[in-house]
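Biologist: I would like to go through the labels on this model one by one. For each, tell me what stands behind it.

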Amino acid sequence: MPETIKLDIVTADRLVYSEDVDAIVAPGIEGELGILPHHTTLMTMLQAGELRVRKAGEETAMAISGGFLEVRPDRVVVLADSAEREAEIDLARAEEAKRRAQERLRHPAPGIDMARAEAALHRSVARLKVAEKRRRRRLGA
Ligand code: ATP
């Protein structure tokens, strides 16, 4: 039996993912972070992006919108602001969120919070990236 590491992905309102996995690639604030079993303990912030998991030769992608990742000796815990598995992503909603954020950034109304619009843009782009991947796979492309 190859060695695995337990991964829990939680948000404020739910447990999104909890499995023993072979490898994790997470969107750390300083770039992609690869984690294998026996990784040294660490804690880092996450940025909006794609979190990929490999388990028994299969890759699963999730969209994460920031939060924290902690590597403990026996497990990895991701405390995410929001997280969706591929199948949970509403493509039309993410496209609409992206369009809205781009519009706000292009034509800022007085008093608009640009950082908030940028964060919304990054969340939507992360969701679209994960959802598009799934769509392409289903089309066999
Ligand atoms: P929107 O403007 O469409 O609400 P948002 O980026 O502001 O997008 P968040 O505040 O990040 O949304 O998330 C609110 C909740 O909605 C979370 O539970 C998140 O998982 C979920 N969510 C947001 N966008 C999507 C989507 N495209 N598909 C599925 N769930 C989504």
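This is a predicted model: local features need pLDDT of at least 70, side-chain atom pairs count only at pLDDT 80 or more; totals for chains, interfaces and linings use all residues.

Biologist: Which residues are around the ligand, and what makes a residue count as near?

Modeller: A residue is near if one of its heavy atoms lies within 4 Å of the molecule. The residues around the ligand are Ser-82, Glu-84, Glu-88, Ile-89, Asp-90, Arg-93, Ala-94, Ala-97, Arg-100, Arg-123 and Arg-127.

Biologist: How do those residues divide by type?

Modeller: Seven are charged, three are nonpolar and one is polar.

Biologist: What are the values for Arg-93 and Arg-123?

Modeller: For Arg-93, a side-chain N or O atom is 2.8 Å from an oxygen atom of the ligand. For Arg-123, the value is 2.7 Å, again from a side-chain N or O atom to a ligand oxygen.

Biologist: How much of the ligand does the protein cover?

Modeller: On its own, the ligand has 600 Å² of accessible area, and the protein covers 66% of it. The space that the ligand takes is the largest pocket.

Biologist: Which elements give two or more residues to the shell around the ligand?

Modeller: They are α1 (91–106) and α2 (114–138). Helix α1 gives the most, with four residues.

Biologist: Now Ser-65. Why is Ser-65 called buried?

Modeller: Buried means under 20% relative accessible area. Ser-65 has 13%, so it is buried. Ser-65 lies in strand β6, residues 58–71.

Biologist: What does the side chain of Ser-65 contact?

Modeller: The side chain of Ser-65 makes a polar contact with the side chain of Ser-82, at 2.7 Å. Ser-82 is one of the residues around the ligand.

Biologist: How far apart are Ser-65 and Ala-120?

Modeller: They are 55 residues apart along the chain, with 9.1 Å between their C-alpha atoms.

Biologist: Why does Ala-117 count as buried?

Modeller: Its relative accessible area is 6%, under the 20% limit, so Ala-117 is buried. Ala-117 lies in helix α2. From Ala-117 to Leu-33 the C-alpha distance is 26 Å, and the two are 84 residues apart in sequence.

Biologist: Is His-38 buried or exposed?

Modeller: Exposed means over 50%. His-38 has 63% relative accessibility, so it counts as exposed.

Biologist: And where is Ala-56 found?

Modeller: Ala-56 is in the loop between β5 and β6. Its phi is positive, about 50°, although it is not a glycine. At 69% relative accessibility, over the 50% limit, Ala-56 is therefore exposed.

Terms used
Residues are numbered from 1 along each chain as its sequence is written. Side-chain values use heavy atoms; hydrogens and water are left out. A polar contact is a pair of N or O atoms within 3.5 Å; within protein, one must be able to donate a hydrogen and the other to accept it, and residues adjacent in sequence count only if both atoms are side-chain atoms. Accessible areas come from the Shrake-Rupley method with a 1.4 Å probe; for residues, only the protein chains shown count as cover. On a 1 Å grid over the protein atoms alone, a cavity is a set of points where a 1.4 Å probe fits but cannot get out, and a pocket is an open set with protein on both sides within 12 Å along at least five of seven lines; lining residues have an atom within 4 Å of a point. A molecule sits in a cavity or pocket if more than half of its atoms lie within 2 Å of its grid points. Ala, Val, Leu, Ile, Met, Phe, Trp, Tyr, Cys and Pro count as nonpolar, Asp, Glu, Lys and Arg as charged, and the others, Gly among them, as polar. Buried means under 20% relative accessible area, exposed over 50%, partly exposed in between (1.4 Å probe, protein chains only).
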